[in-house]
Amino acid sequence: MEARKMRLEVAQLHITAQMKGGTFSTVVQNICLSVETGKRLAIVGQSGSGKTMTAMAILGLLPENCSALGHVVWNGIDILSLNARQRRSYLGTDFALIPQSGADFLNPSLKVGTQFREVLRRARIERSLQGTLMHRLLSGTGFDDPAQILRSYPFQLSGGMAQRVVMAMAAAGNPHLVIADEPTRGIDQENIRVFLANLNTLFKDSAILLITHDISVAAACDEILVMNDGHVIESAPARILLQHPKAKYTRRLICNLPTAYTSKKEALINDA
């Protein structure tokens with residue numbers, strides 16, 4: 001029997017930030033999106049577009065000077081209606097975050113194994129099972145010698161290796177919703193390819209929200225939502241959006257795609 005689909009629905013999401021001097025600034029306005037388990041939705045836009053703030057509102061991780069209004073409904077429950085403690089209870093269980101930089105996320109003074117065991121403890125994994133699970137998850141992200149990785153300090157890992165470690169940690173709790181915030185920034189094309197392959201393998205039954213400035217990375221998702229200046233510019237299935245973008249902003253993003261898209265880029269440049 002097919003597992004019941006779980007769904008994230010965001011409706012009329014507004015985020016405001018209190019600035020110095022007491023004034024308020026609108027960061028995100030009227031954001032609507034949805035993604036269900038087994039599907040991948042990319043939010044793409046340049047820095048400052050509001051995509052990361054949208055993700056942090058979903059996770060309940062907004063900065064203290066920011067507040068969110070609207071609806072963030074997960075499996076029938078409006079997350080924004082819960083208190084801070086209740087929202088945090090979803091992290092590490094239903095929800096997982098893959099941050100922008102694995103190297104910055106990891107504590108440089110603690111070995112990877114120590115930090116990984118803490119993640120497993122929070123996920124309520126029995127201690128007797130933790131060693132086997134750590135090795136399996138690290139192997140699943142492409143490490144040939146998981147034991148060596150567990151003995152290492154984060155500063156002994158490359159950026160791509162650190163990102164794969166953080167991905168393995170995120171998979172430990174078998175989350176239903178995974179939010180990856182600019183996970184490919186600062187890593188090379190080969191590690192991007194490996195990361196996206198691992199994302200599909202480790203979280204094939206999860207709902208994935210992929211935050212990125214790179215529309216070629218977003219192309220790996222089922223649907224793409226384009227943001228600029230705190231607003232949704234357009235959204236569509238990935239293939240349709242890449243072949244028939246409606247907004248000039250989206251066409252300019254596509255113009256930064258690799259050489260394989262050259263003919264499409266030239267047409268878009270002429271039409272911009």
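Here are some friendly notes on a predicted model, covering a helix pair, a salt bridge, a pocket and a cavity.

1. Let's begin with two helices. Two packed helices are described by the angle between their axes and the distance between the axes. Here the pair is α7, residues 159-171, and α8, residues 189-202. Their axes come within 11 Å and cross at roughly 10 degrees. Angles under 35 degrees count as roughly parallel, so α7 is roughly parallel to α8.

2. Which residues make this contact? From α7 come G160, Q163, R164, M167 and A171. From α8 come N191, V194, F195, N198, L199 and L202. Sorted by class, the contact of α7 with α8 has six nonpolar residues, four polar ones and one charged one.

3. Next, look for charged partners. Side chains of opposite charge can pair when their charged atoms come close. The structure holds seven salt bridges, and one to find on screen is that of R122 with E118. The closest N and O atoms of R122 and E118 are 3.7 Å apart. Why are R122 and E118 separated by about one helical turn? Because they are four residues apart in helix α4, which covers residues 112-122.

4. Now for empty space. Rolling a probe the size of a water molecule over the atoms shows where empty space is left. The second largest pocket holds about 460 Å³ of space. There are 21 residues lining this pocket, and the closest to its centre are N174, P175, H176, D205 and S206.

5. The largest share, three residues, comes from α5. By class, the lining of the second largest pocket has nine nonpolar, six polar and six charged residues.

6. Finally, there is a cavity to visit. How many cavities of 30 Å³ or more does a search of the whole structure find? It finds one. The largest cavity has a volume of about 50 Å³, and its lining is made up of R40, L196, L199, N200, L210, A220 and C221. Five residues of that lining are nonpolar, one is polar and one is charged.

7. Keep an eye on α8 as you turn the model. With three residues, α8 gives the most to the lining of the largest cavity.

Note on methods. Residues numbered from 1 in each chain as written. Predicted model: local features only at pLDDT ≥ 70, side-chain atom pairs only at ≥ 80, totals over all residues. Heavy atoms only, no water. Axes fitted to C-alpha atoms, helices over the stretch in contact; angles between N-to-C directions. Helix = DSSP H or I, 4+ residues; strand = E, 2+ residues; numbered from the N terminus. Parallel < 35°, antiparallel > 145°, perpendicular 65-115°, else oblique. Contact = heavy atoms within 4.5 Å. Nonpolar A, V, L, I, M, F, W, Y, C, P; charged D, E, K, R; others polar. 1 Å grid on protein atoms, 1.4 Å probe; cavity = no way out; pocket = protein on both sides within 12 Å on 5 of 7 lines; lining within 4 Å. Points joined across faces, edges and corners; volume = space filled by probe spheres on them. Salt bridge = Lys/Arg side-chain N within 4 Å of Asp/Glu carboxyl O.
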